[in-house]
Amino acid sequence: MTEAFRPSGRVVVTGLGAITPLGSGTDRFWPRMLKGESGVRRVTRFDVSDFPTQIAAEIDDFNPEDWLDRKEARRVDRFISLAVGAATMALQDSALPTEGEIAEHIGVLVGSGIGGLTFLEEQIQRLKEGGPSKVSPFTVPYMIPDMASGMISIRHGLKGPNSCAVTACSTGANSLGDAYHIVKRGDAVAMVAGGAEAPINATGMAALCAARAMSCRNDEPERASRPFDNDRDGFVMGECAAALILEDFEFASSRNARIYAEIVGYGMSGDAFHVTQPDPKGDGAYRSMKIALKQSGRTEDQVGYINAHGTSTPYNDRLETLAIKRLLGDHAYSTPISSTKSMIGHTLGAAGAVEALICILAMRDSVLPPTINLETPDPDCDLDYVPNQARQAKVDFALSNSFGFGGHNVTLALAKPE
């Protein structure tokens with residue numbers, strides 16, 4: 001197979017899998033998103049009565065035993081089981097053959113911004129209560145972020161390139177972009193790529209509360225995540241896993257695969273400014289979008305939709321808006337933008353993956369998801385954010401933005417298949 005294979009230089013998406021606070025599987029979460037439903041509610045996993053923020057976007061329809069054997073499902077950290085579930089969905093959706101020699105040329109690159117924080121938290125408690133002998137020998141394997149890729153590889157026998165991106169809230173987008181380059185240069189014929197995050201635990205909540213990054217609108221959970229709104233007071237944390245199957249175009253065509261979209265650009269930049277705050281001129285965000293747009297071969301007036309990073313924080317929303325205006329010029333005012341974090345929260349390392357997937361569904365169905373809770377627009381955020389209701393719109397080319405702590409900026413350029 002590999003002797004005859006020559007990379008085409010084009011990379012397409014042939015499979016989608018997602019487990020989100022609005023449901024597991026695209027057929028469940030996508031209709032709810034288009035209705036403008038919120039997956040945010042009061043946290044149920046642990047007692048949050050002493051926390052300034054008491055809300056998050058939890059997944060309530062996921063059973064790890066549907067995707068892993070019972071013993072392993074009970075043992076691994078939740079981010080790993082979410083990743084395996086989303087990846088298995090995507091593989092099934094793509095009908096990608098994985099038996100025999102082909103398995104050596106299919107890789108995995110599923111990242112996590114935090115990794116197994118819940119598992120680590122549990123082991124620290126065991127250490128405090130029972131001493132060193134009570135700590136699990138699986139602590140390191142189930143804590144490290146790369147174990148999502150490792151477990152997916154093991155579960156499906158995929159022996160190609162196996163790696164992991166860890167770039168905070170840009171992780172999912174970097175994972176897709178890095179996998180895109182692996183396929184493009186011919187180091188694999190296909191990659192399972194995406195992100196997974198399960199950060200809703202006492203340590204994660206306490207840390208982000210201490211950073212004063214999250215919304216404290218505890219009495220109105222569904223209205224707490226409000227990107228671009230003048231009354232926003234921080235982001236809402238969410239959990240999620242999303243996986244896409246990326247394939248060489250010629251290989252996908254040879255097996256008559258359904259092609260959802262083509263990745264046509266991958267822009268990256270660094271702010272070199274602050275560990276948590278974005279560049280005050282939005283320069284890094286602008287440059288990542290500019291690079292992706294240039295690679296795509298498209299022009300500013302061809303951008304049909306942008307899925308914004310749109311965190312619902314005072315800094316991000318204003319500066320991302322500024323960067324979009326700089327990129328698109330006058331076209332910025334006629335380009336629809338939305339932040340789907342308004343419905344599923346900020347899923348950290350999974351955000352870039354699930355939002356790229358959302359762009360693909362928007363192009364497929366010619367409908368744009370809304371930014372809910374946009375009631376009193378910030379005067380500095382004066383673009384078209386598809387407020388509160390989904391909108392019918394034909395989109396052939398879209399950008400998906402992801403920006404992370406540390407000044408990581410990533411933009412993916414996605415095109416509807418010709």
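Glycine 349 lies in the loop between α12 (341-344) and α13; helices here are DSSP runs of H or I with at least four residues, numbered from the N terminus. The model is predicted, so local features need pLDDT of at least 70 and side-chain atom pairs count only at pLDDT 80 or more, while totals for chains, interfaces and linings use all residues. Residues are numbered from 1 along each chain as its sequence is written, and side-chain values use heavy atoms, with hydrogens and water left out.

With a relative accessible area of 0%, glycine 349 is buried (under 20% relative accessible area; exposed is over 50% and partly exposed in between, with a 1.4 Å probe and protein chains only). Leaving aside neighbours within four places in sequence, glycine 349 is in contact with Gly111, Gly113, Ala168, Thr171, Gly172, Gly195, Ala196 and Glu197, where contact means heavy atoms within 4.5 Å. A separation of 9.6 Å lies between the C-alpha atoms of glycine 349 and asparagine 174, which are 175 residues apart along the chain.

## The nonpolar cores

In soluble globular proteins, nonpolar side chains tend to be buried together. A nonpolar core is a set of buried Ala, Val, Leu, Ile, Met, Phe, Trp, Tyr and Cys residues joined through side-chain atoms within 4.5 Å. The largest such core has 51 residues, of which Phe29 and Leu246 touch the most other members. Helix α13 (residues 351-365) supplies the largest share of this core, 10 residues.

Apart from this core lies another, of 39 residues, among them Phe79, Ile106, Tyr142 and Ala196. Beyond its neighbours within four places in sequence, leucine 246 has contacts that include Val11, Val12, Val13, Leu176, Tyr180 and Ile263.

## The packing of α3 and α6

Helix α3 (residues 78-94) packs with helix α6 (residues 147-156) at an angle of about 50°, their axes being 9 Å apart. Axes are lines fitted to C-alpha atoms, for helices over the stretch in contact, and angles run from 0 to 180 degrees between N-to-C directions. The helices α3 and α6 are therefore oblique to each other, a term for angles that are not under 35 degrees (roughly parallel), over 145 (roughly antiparallel) or 65 to 115 (roughly perpendicular).

On the α3 side, the residues that meet α6 include Phe79, Ala83 and Leu91; on the α6 side, Met147, Ile152 and His156 are among those that meet α3. Histidine 156, placed in helix α6, is buried with a relative accessible area of 19%. Its contacts, leaving aside neighbours within four places in sequence, are Thr88, Leu91 and Thr98.

Note on methods. Helices (H or I, at least four residues) and strands (E, at least two) are DSSP runs, numbered from the N terminus.
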